[in-house]
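Me: I'd like to learn how to read cavities, helix faces and cores in a model. Could you walk me through one?

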Amino acid sequence: MAIENILMPQLGESVTEGTIEKWLVKPGDTVNKYDPLAEVNTDKVTAEVPSSFAGTIKELIAQEGETLAVGAIICTIEIEDDGAVEAAIVAAPAKEEPVNEMPAAGSQKPASSLNREKGKEAGRYSPAVLRLSQDNGIDLTLVEGSGKEGRITRKDLLAIIESGNIPTASTAPVIEAPASVASAAAPVPAPKPAEPVNVPVMAGDTEIPITGVRRAIASNMLRSKHEAPHAWMMIEVDVTNLVQYRDSLKSDFKQKEGFNLTYFAFFVKAVAQALKEFPMMNSMWAGDKIIMKKDINISIAVASDDALFVPVINHADEKTIKGIGREVQELAGKVRSGKLKSAEMQGGTFTVNNTGSFGSVQSMGIINYPQAAILQVESIVKRPMIMDGGMIAARDMVNLCLSLDHRVLDGLVCGQFLARVKEILENVSADNTSVY
């Protein structure tokens with residue numbers, strides 16, 4: 001028999017840690033390879049962790065609610081080893097005791113600076129925690145962690161950010177220790193994180209627990225609004241010809257293909273085509289550079305009863321309107337049945353949101369970080385319009401609302417992009433547009 005480790009998997013391109021939401025097994029359970037062991041929540045998705053081996057669960061190392069870095073051991077499993085020597089389990093490093101030292105006379109530093117340096121040397125902070133603290137100006141030496149052995153987790157920082165009470169280096173007391181007692185000065189204890197917002201609960205109110213998915217959505221939206229300077233543009237599009245063309249096809253299409261030909265598929269195709277012509281719109285902010293993405297992968301927002309998911313149509317510019325329509329239907333079905341996989345939400349470069357399905361006619365979307373823009377397709381409504389020659393006619397009109405990251409995009413390229421999408425949509429017809 002041998003003991004093997006099950007590690008925290010990387011469930012996304014930029015994911016550095018995950019939280020054990022729920023264990024699906026217990027010590028002594030027999031599992032097959034690929035059987036689900038636990039539900040893990042990251043800032044991108046909630047997914048099941050499959051077993052890499054067939055065997056018997058030996059020990060659950062991580063606790064429910066605990067956040068661990070990618071690659072950390074979450075449990076161990078006993079497997080048949082064909083006579084091989086039992087594998088040793090790598091023990092976690094012992095927690096370092098604080099060193100009660102101060103700098104020599106003439107080189108005193110604030111206690112917070114010393115603690116911060118020692119914390120970094122000891123590797124106490126995960127990359128996600130460091131990034132979140134830097135993005136929000138949080139002094140980690142002033143935060144008391146709720147994780148294992150006092151480890152600071154993303155949940156600790158998110159609670160602080162939501163409270164608005166950000167502990168910074170300027171709030172830390174500076175300890176000026178005399179040279180005679182410099183070597184024996186005790187470190188200043190860090191204050192506890194701020195309590196959650198105190199909202200009074202009255203008779204008849206309903207308290208709804210925050211799920212892992214809802215917390216991840218909140219985190220990503222907060223980060224997007226905090227980091228990306230949002231700007232907004234809107235363009236009005238006459239889609240009368242598109243409506244007539246689609247309506248002439250929909251019955252035969254449904255009978256032949258087995259799913260509905262929706263307006264949304266036409267919009268996604270037009271956006272993908274325009275992105276190919278204006279590749280700057282298909283970019284992302286990367287701190288010291290802008291990354292213009294080669295592939296055009298359209299994220300689409302799909303809501304379930306209690307959460308919002310953003311699956312991806314890869315290489316949308318290479319797909320037909322029929323192909324896009326089929327993929328939209330399949331991805332939406334997976335979201336609503338709970339079968340959407342983590343991999344199906346990775347790699348998006350631009351988001352198109354069908355807000356018109358709710359009857360909305362104007363909205364300002366929050367950018368799907370780290371993308372540079374999101375386009376809201378509003379409801380198609382009949383409105384009186386003044387045509388050439390001064391005649392008034394009822395036309396099918398739609399508003400396209402674009403939110404953009406002004407670090408990456410400027411009004412000129414966004415205006416040109418929207419004008420091109422408008423041109424494509426207004427020229428849809430049986431003569432020059434094929435759904436196949």
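**Cavities, a helix face and cores**

Reply: Happy to. The second largest cavity has a volume of about 70 Å³. A cavity is a set of points on a 1 Å grid over the protein atoms alone where a 1.4 Å probe fits but cannot get out, and its volume is the space filled by probe spheres set on the points, joined across faces, edges and corners. This is a predicted model: local features need pLDDT of at least 70, side-chain atom pairs count only at pLDDT 80 or more, and totals for chains, interfaces and linings use all residues. Residues are numbered from 1 along each chain as its sequence is written, and side-chain values use heavy atoms, with hydrogens and water left out.

Me: Which element gives the largest share of the lining of the second largest cavity?

Reply: Lining residues have an atom within 4 Å of a point. Here α4 contributes five, the largest share. Helices are DSSP runs of H or I with at least four residues, strands runs of E with at least two, numbered from the N terminus.

Me: Which residues of α8 are buried?

Reply: Buried means under 20% relative accessible area with a 1.4 Å probe, protein chains only. In α8 these are V413, C414, F417, L418, V421, I424 and L425. They fall within an arc of 135° seen down the axis (taken from the directions to the C-beta atoms), so they line one face of the helix.

Me: Which residues touch the most other members of the largest nonpolar core?

Reply: A nonpolar core joins buried Ala, Val, Leu, Ile, Met, Phe, Trp, Tyr and Cys through side-chain atoms within 4.5 Å. Among its 61 residues, the answer is M281, I298, F350 and F417.

Methods. Buried < 20%, exposed > 50% of the residue type's maximum accessible area, 1.4 Å probe, protein only. 1 Å grid on protein atoms, 1.4 Å probe; cavity = no way out; pocket = protein on both sides within 12 Å on 5 of 7 lines; lining within 4 Å.
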